[in-house]
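The sequence and model come next.

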Amino acid sequence: DLRADYMEKRTMNRKEYDLKLLFEELEENPDDPRTYYYLAQTYNLLEKHEEAAEYFKKRAFHPVMGFEQEKVDALFEMTRIYNYKLNRGWEECEQYYNLVRQWDPERPEASYFLGIHYFLENDRKKAFEYLKKAFHIGYPIHRQYSLKPTLSYYYTPVNLAQLCYEYEDFLTGHQCYRDWE
């Protein structure tokens with residue numbers, strides 16, 4: 001499909017209308033955590049990062065649990081926005097990535113983003129540990145909600161392989177791979 005400015009503008013206008021409807025829904029039913037999640041996603045598509053982070057946070061810490069994977073994803077997406085769009089301090093981002101790992105230790109994304117942060121900061125040992133963890137978790141087919149397959153199938157192994165050579169720790173990498181299959 002070809003991209004057309006007209007269609008993109010029409011889609012973005014529709015997102016503004018979606019916000020209106022979502023806020024009406026929120027007013028009618030403030031105890032439904034899903035509405036907060038959809039508000040956050042819509043703001044994120046509109047590239048209104050402050051608002052997206054605010055509603056992802058409201059969803060993540062909503063007193064009603066709702067769908068657990070949605071709650072975990074909301075915390076993860078909030079943290080990525082803090083980290084990459086709003087440039088919040090690393091201590092805060094690290095705290096939230098670790099909370100994502102605590103809430104659902106069977107998802108690899110937070111471990112990957114911790115690892116890649118340390119990789120880029122040249123703290124190779126920390127990067128190695130986090131990337132091994134992400135690699136060991138692999139792609140959790142029982143956790144299909146909003147997964148990022150390229151993190152598991154491409155970026156984690158590519159970055160981890162470099163570190164396996166640096167640390168001459170091929171057995172660990174091989175062992176992780178064998179366990180992952």
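## Helix packing and a cavity

The model is a predicted one.

Which residues make this contact? From helix 7 come Arg124, Lys125, Ala127, Phe128, Leu131, Lys132, Ala134 and Phe135. Helix 8 answers with Thr156, Pro157, Asn159, Leu160, Gln162, Leu163, Cys164, Glu166 and Tyr167. Sorted by class, the contact holds 10 nonpolar, 3 polar and 4 charged residues.

Helix 8 also packs on helix 6. There the axes come within 11 Å and cross at roughly 35°. This crossing, too, is left-handed. Helix 6 brings Glu109, Tyr112, Phe113, Ile116 and Phe119. They meet Leu151, Tyr155, Thr156, Asn159, Gln162 and Leu163 of helix 8. The class count here is 7 nonpolar, 3 polar and 1 charged.

The two pairs are set out below.

| Helix pair | Axis angle | Axis distance |
|---|---|---|
| Helix 6 and helix 8 | roughly 35° | within 11 Å |

Thr156, Asn159, Gln162 and Leu163 of helix 8 take part in the contact with helix 7 and also in the contact with helix 6.

How many cavities of 30 Å³ or more does the whole structure hold? The search finds 1. About 40 Å³ of space lies in the largest cavity. Its lining consists of Val72, Asp73, Phe76, Val100, Arg107, Glu109 and Ala110. By class, that is 4 nonpolar, no polar and 3 charged residues.

Which helix gives the most to this lining? Helix 4 does, with 3 residues. Helix 4 (68-85) and helix 6 (109-120) each supply at least two lining residues. Glu109 links the two topics: this residue lines the largest cavity and belongs to the contact of helix 6 with helix 8.

As for the overall fold, the protein has 9 helices and 0 strands. From the N terminus on, the elements run α-α-α-α-α-α-α-α-α. The C-alpha trace spans about 55 × 40 × 35 Å along its principal axes.

Technical notes
Residues numbered from 1 in each chain as written. Predicted model: local features only at pLDDT ≥ 70, side-chain atom pairs only at ≥ 80, totals over all residues. Heavy atoms only, no water. 1 Å grid on protein atoms, 1.4 Å probe; cavity = no way out; pocket = protein on both sides within 12 Å on 5 of 7 lines; lining within 4 Å. Points joined across faces, edges and corners; volume = space filled by probe spheres on them. Helix = DSSP H or I, 4+ residues; strand = E, 2+ residues; numbered from the N terminus. Nonpolar A, V, L, I, M, F, W, Y, C, P; charged D, E, K, R; others polar. Contact = heavy atoms within 4.5 Å. Axes fitted to C-alpha atoms, helices over the stretch in contact; angles between N-to-C directions. Left-handed = near helix turned anticlockwise from the far one by under 90°.
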